[in-house]
Amino acid sequence: MQLYNLPAEKQQPRSYSFSTNLDGRVYNFSFSYNKRSDTYHFSVLDFLGNTLIANIPCLSYIDFMVTKYAMTEILPFGDIYIAATSGDETQDPNFLTFNTTIECFYMSIADDL
Amino acid sequence: MAIDITENLFNPLDSASNQVYSKFSNIMKFTEYFGTYGGRTINEKNAVTLRGDCTVSENYSFAANVTSHPVHKSTDITDNARPEDFIINITAISSDASMSYLDTIDSVANSNVGSIIRTAFNDEDSLDAYLSKSQQVFKQLKFWWEKGTPLAVDCAYDVGGLRDVNYDASAFIIQNVSIPRTSEIGSRAIKWNMTLKLVRFARVEKEEIGLYSFSKGQKSSNQVDPKKIPNSKQDKSEEAAKRLRDRKGLQY
């Protein structure tokens, strides 16, 4: 198992996006802050910009964030995992703590194959 | 002695511009809202300001929507009050002969005589310089109405400009302009009645972050070193990875 820290904008914009290569596949990720739920939501898009899955709320220590919607179709060798790197690990991320004390990881299990 | 034209040459739409501003702070002033919109960037250097030579009337109207719901007995229950409309109405007159205020170079240059003086110095707006002040006011109001230009408003009750709770300048957009031309007003003045409504702008913030590669066995120049979860919390992620392997049918 290998954890990769997904790139984040530390200036805390309400919306940001980036392109990344996860285990050989190119994905676009889009994160946007939802004021009502007071957390960021993310969407996964393919390299052409087609949405694969949208608006998954970022919550701490949730298993199968993407896998529960698509077993292996979207992220075949891993999943997104949100965990506290410092501070209180019982809290879910909010506008201030996301990308500061609580971060977003790509958990790769490609090594285990 | 050379006269500093850039300092003293006023905004032709504003009789009380420049040095005499402080004396006329109680006359409502409209300035183009700073920002980028409609293909133009407005800042303090190029924002157009309009102020009438005299104000006939001003009116400020606030409205709120109070939601209420009927209950079994007694009066309705109110659960919310939401500010809705903030409307300003102004009737003002701009006169070609606005020299009567004061004997400063500003007001001289604002007048009909001034438009001749301006022509000599103002090459950029040489066409506009031949317009009388009332014609310029008409042209400006028409432009603002056509383009839906947001305006910042300074008034007697808030000399520093009307602002919202975050202390940002409030933006108003012209809802209605009426310009009656009657025998009382004469041919050398313009009387304008304007209704403005408070508007809010939606703000879109979006950041694009570059391309990152987390591919197995590949290293790219812009790769970010993965930050590890502290050892004290590593167990949780190990357990989560184990559950993920099981879920994806990978026995390990």
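Is Glu146(B) buried, partly exposed or exposed, and what is its relative accessible area? Glu146(B) is partly exposed, at a relative accessible area of 48%, where buried means under 20%, exposed over 50% and partly exposed in between (1.4 Å probe, protein chains only). The model is predicted: local features need pLDDT of at least 70, side-chain atom pairs count only at pLDDT 80 or more, and totals for chains, interfaces and linings use all residues. Residues are numbered from 1 along each chain as its sequence is written, chains are lettered from A and ligands numbered from 1 in the order in which they are written, and side-chain values use heavy atoms, with hydrogens and water left out.

**Chain B overall**

- Chain B contains six helices and 10 strands; helices (H or I, at least four residues) and strands (E, at least two) are DSSP runs, numbered from the N terminus.
- Chain B has 252 residues, of which 35% count as buried.
- Its accessible surface is about 15,700 Å², with 52% belonging to carbon and sulfur atoms; accessible areas come from the Shrake-Rupley method with a 1.4 Å probe, and for residues only the protein chains shown count as cover.
- Among contacts in chain B with a separation of 6 or more, 61% are between residues 24 or more positions apart, a contact being heavy atoms within 4.5 Å.

**Salt bridges**

- Over all chains, the whole structure has six salt bridges, each defined as a side-chain nitrogen of Lys or Arg within 4 Å of a carboxyl oxygen of Asp or Glu.
- Lys142(B) and Glu146(B) form one of them, with the closest N and O atoms 3.4 Å apart.
- These two residues lie four apart in helix α5 (residues 133–147) of chain B, so about one helical turn separates them.
- Lys142(B) is partly exposed, at 40% relative accessibility.
- Arg40(B) pairs with Glu32(B) at 3.2 Å between the closest N and O atoms.
- In that pair, Glu32(B) is buried, with a relative accessible area of 1%, whereas Arg40(B) is partly exposed at 29%.
- Glu84(B) and Arg82(B) form a salt bridge at 3.5 Å, N to O.
- Glu84(B) is partly exposed at 43%, and Arg82(B) is partly exposed at 39%.

**Nonpolar surface patch in chain A**

- Val26(A), Phe47(A) and Leu48(A) make up a nonpolar surface patch with about 320 Å² of accessible area together.
- Patches consist of residues with over 30% relative accessible area and no salt bridge, like charges being joined within 9 Å and nonpolar side chains (Val, Leu, Ile, Met, Phe, Trp, Tyr) within 5 Å.
- Val26(A) sits in strand β3 (residues 25–34) of chain A and counts as partly exposed because its relative accessibility is 35%.
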